[in-house]
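Welcome! Take a moment to look over the chains, then read on for a guided tour of how they fold and meet.

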Number of protein chains: 2
Amino acid sequence: MSGHILALSGGVGGAKLAAGLCAVLPPEQLTIAVNTGDDFEHLGLTICPDLDSVTYALAGLNDTVRGWGVADETWQAMAMLSRLGGPDWFNLGDRDLGLHLTRAMHLRAGESLSEITARLTVQLGIAHRVVPMSDDPVRTQVETDAGWLDFQHYFVREQCRPEVRGVRFAGADKARISPGFIQALSRPDLAAIVICPSNPWLSVDPILALPGLRQQIAALTVPVIAVSPLVGGTALKGPLAKLMAELGQPVTNLALAAHYGDLLDHLVIDETDAADAEALRDTGLCATVTQTVMRSSADRERLASEVLALAGKVD
Amino acid sequence: MSGHILALSGGVGGAKLAAGLCAVLPPEQLTIAVNTGDDFEHLGLTICPDLDSVTYALAGLNDTVRGWGVADETWQAMAMLSRLGGPDWFNLGDRDLGLHLTRAMHLRAGESLSEITARLTVQLGIAHRVVPMSDDPVRTQVETDAGWLDFQHYFVREQCRPEVRGVRFAGADKARISPGFIQALSRPDLAAIVICPSNPWLSVDPILALPGLRQQIAALTVPVIAVSPLVGGTALKGPLAKLMAELGQPVTNLALAAHYGDLLDHLVIDETDAADAEALRDTGLCATVTQTVMRSSADRERLASEVLALAGKVD
């Protein structure tokens with residue numbers, strides 16, 4: 001595999017493949033552009049859940065048992081805040097808070113999210129390039145019976161209980177693609193775009209909503225390869241299956257591929273959904289069946305290698 | 001003992017006597033006005049070390065072994081911040097951070113420091129009234145060879161190493177005495193003002209620097225009783241002895257009393273400094289010798305009771 005890979009990632013699921021790609025590609029061959037639509041302002045801090053999930057995963061600091069946040073985490077600050085009557089619906093661990101406080105300090109000093117992300121990843125020993133999709137605020141919101149909800153209010157505070165009728169990305173119309181993301185898109189040696197197994201509606205769409213991005217990707221001749229977050233006709237984790245149903249979609253890889261539309265060249269689906277492959281190919285897509293569930297670093301590296309092998313074959 | 005007691009307190013040493021006063025007085029008979037000259041802005045938070053020392057002591061949350069901060073504290077946020085290259089010279093524990101985040105949230109919402117202090121102390125089950133000296137920012141600074149240093153830079157970052165030539169209280173000229181402090185000063189049943197054993201130059205002077213306060217106290221007929229922070233001709237803790245010497249003062253109770261001047265009616269000194277009593281009385285002051293070192297709650301309550309007994313006797 002030669003050439004540069006641009007990976008688009010949301011949080012936890014995407015971060016696993018991103019970690020796999022880091023394990024099999026040298027730093028100069030990979031850029032990971034991360035969704036910032038989940039970001040929000042809380043307790044005076046700018047929390048960037050997807051950037052942090054990717055960062056913690058690449059630094060080997062992620063908690064693999066809990067499935068999110070930092071390993072060896074404690075919750076003392078939250079316990080005190082809760083005791084003092086503060087808002088405790090968004091659980092911020094103590095180690096995690098150390099990162100948020102540091103990021104907030106640099107944001108106040110006028111640094112861009114890109115600069116801060118570069119700084120924090122370097123400090124944690126991450127050699128690969130992690131970039132936010134944009135340095136401008138984009139905020140995912142979902143429409144429910146109670147009106148539009150900010151993403152974390154829906155996702156964490158309401159535990160994804162409200163029925164979702166629509167999704168929007170406030171600020172996306174004016175947000176500029178981040179410098180590192182543009183740079184990766186413009187590389188003459190760009191070999192493929194990999195869409196990590198993140199929620200297309202909630203984690204990848206905010207990236208694709210950036211002005212001009214879809215057109216830029218469409219104008220490229222490199223293959224766009226997505227790894228489906230569906231496993232056995234449902235989502236391993238998170239609200240994807242519920243959301244697809246609420247949005248009137250069948251919970252299938254076909255619906256997922258249709259959502260990406262022309263953008264997509266290749267969909268990698270889980271072996272438990274092997275039956276979908278034929279129908280996908282009928283739509284003109286390449287479809288590859290493999291084990292997409294990543295439980296170990298070996299799983300992540302194998303899937304990353306398989307995706308990279310496809311990058312050479314597609315188109 | 002009837003009537004209301006107004007205690008003026010700095011941090012750790014003052015907080016011990018404040019805790020003793022709370023143990024022996026019902027809530028309606030005590031107001032504790034706390035120095036805010038040590039407050040500073042750090043990591044986007046407003047840290048109020050003396051208010052917090054008093055709060056933690058009254059809530060029984062103070063760490064009695066370390067001598068400052070919260071008991072059962074952890075330092076995970078600081079460790080992460082340090083790893084990320086953030087400023088780690090001011091050690092903020094995780095539990096402590098929970099309080100700072102809560103205070104910062106209420107400050108951003110436009111609440112005054114008085115309102116927030118009332119809220120936080122109530123949440124921690126403190127029935128007695130703790131008020132900041134002012135809701136307006138006053139910032140203690142010390143003059144050194146390197147110019148004027150913010151108090152925490154001198155006290156924590158530089159560990160009190162620089163030689164101090166002068167002390168000033170930036171903002172004090174425009175700061176208003178807080179509503180709860182004024183209220184206590186104006187009570188018809190005010191029986192005494194107790195200056196807790198805090199550093200006169202660094203912890204009590206910022207309070208006395210508030211416009212009109214010295215005059216208000218001088219106009220009262222109630223006794224002003226200070227407990228000396230000197231023990232055996234030096235300070236138990238902190239830079240008091242070093243500072244007195246640097247400011248050209250003998251490190252004695254006489255110099256300390258002279259610094260308070262006419263304001264003071266009574267100085268309570270430690271038994272190890274009993275020899276000072278005669279000279280103090282020669283200046284026209286009342287002087288009481290007792291054990292001022294507070295190692296246990298029994299010590300704190302005994303000293304508080306002794307001070308209150310004097311309140312009835314003086315004048």
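Here is a short briefing on the symmetry, the interface, the helices and the sheets.

This is a predicted model, in which local features need pLDDT of at least 70, side-chain atom pairs count only at pLDDT 80 or more, and totals for chains, interfaces and linings use all residues. Residues are numbered from 1 along each chain as its sequence is written, while chains are lettered from A and ligands numbered from 1 in the order in which they are written.

**How the two copies are related**

- Two copies of a chain are related by a rotation about an axis and a shift along it.
- Two residues are in contact if their C-beta atoms, placed from the backbone, lie within 7 Å.

**Where chain B meets chain A**

- Chain B gives 25 residues to the contact, and chain A gives 25 residues.
- On the side of chain B that touches chain A, the elements giving two or more residues are α3 (76-83), α4 and α5 of chain B. Helices (H or I, at least four residues) and strands (E, at least two) are DSSP runs, numbered from the N terminus.
- Which helix gives the largest share of that side? The answer is α4(B), with 10 residues.
- By class, this side of chain B has 13 nonpolar, 8 polar and 4 charged residues. Ala, Val, Leu, Ile, Met, Phe, Trp, Tyr, Cys and Pro count as nonpolar, Asp, Glu, Lys and Arg as charged, and the others, Gly among them, as polar.

**A helix pair across the interface**

- Helix α3 (residues 76-83) of chain A and α4(B) have axes that come within 7 Å and cross at roughly 45°. Axes are lines fitted to C-alpha atoms, for helices over the stretch in contact, and angles run from 0 to 180 degrees between N-to-C directions.
- That angle makes α3(A) oblique to α4(B); angles under 35 degrees count as roughly parallel, over 145 as roughly antiparallel, 65 to 115 as roughly perpendicular and the rest as oblique.
- The residues in this contact include A:M78 and A:M80 of α3(A), along with B:D94 and B:L97 of α4(B).
- The contact of α3(A) with α4(B) divides into 8 nonpolar, 3 polar and 2 charged residues.

**A helix pair within chain B**

- Helix α4 (residues 94-108) and helix α5 (residues 113-123) of chain B have axes that come within 10 Å and cross at roughly 140°.
- This makes α4(B) oblique to α5(B).
- From α4(B), the contact uses B:L99, B:T102, B:R103, B:H106 and B:L107, and from α5(B) it uses B:I116, B:R119 and B:L120.
- By class, these are 4 nonpolar, 2 polar and 2 charged residues.

**The parallel sheet of chain B**

- An open sheet of 7 strands runs in the order β5-β2-β1-β9-β10-β13-β14, with parallel pairing. Two strands pair if DSSP finds at least two bridges between them.
- Its edge strands, each pairing on one side only, are β5 (129-132) and β14 (286-290) of chain B.
- The twist averages 20° from one strand to the next.
- Strands β9 (residues 190-195) and β10 (residues 224-227) of chain B are joined by 3 bridges, and B:I193 has B:V224 as its bridge partner in β10(B).
- Helix α7 (residues 179-186) of chain B lies across β1 (4-9), β2 (30-34), β5 and β9 of chain B, at about 135° to β2(B).

**The antiparallel sheet of chain B**

- Chain B also has an open sheet of 3 strands in the order β7-β6-β8, with antiparallel pairing.
- The edge strands here are β7 (147-150) and β8 (166-170) of chain B.
- From one strand to the next, the twist averages 30°.
- Strand β6 (residues 139-144) of chain B pairs with β7(B) over 4 bridges, and B:W148 in β7(B) is the bridge partner of B:E143.
- Helix α8 (residues 200-208) of chain B lies across β6 and β8 of chain B, at about 35° to β8(B).
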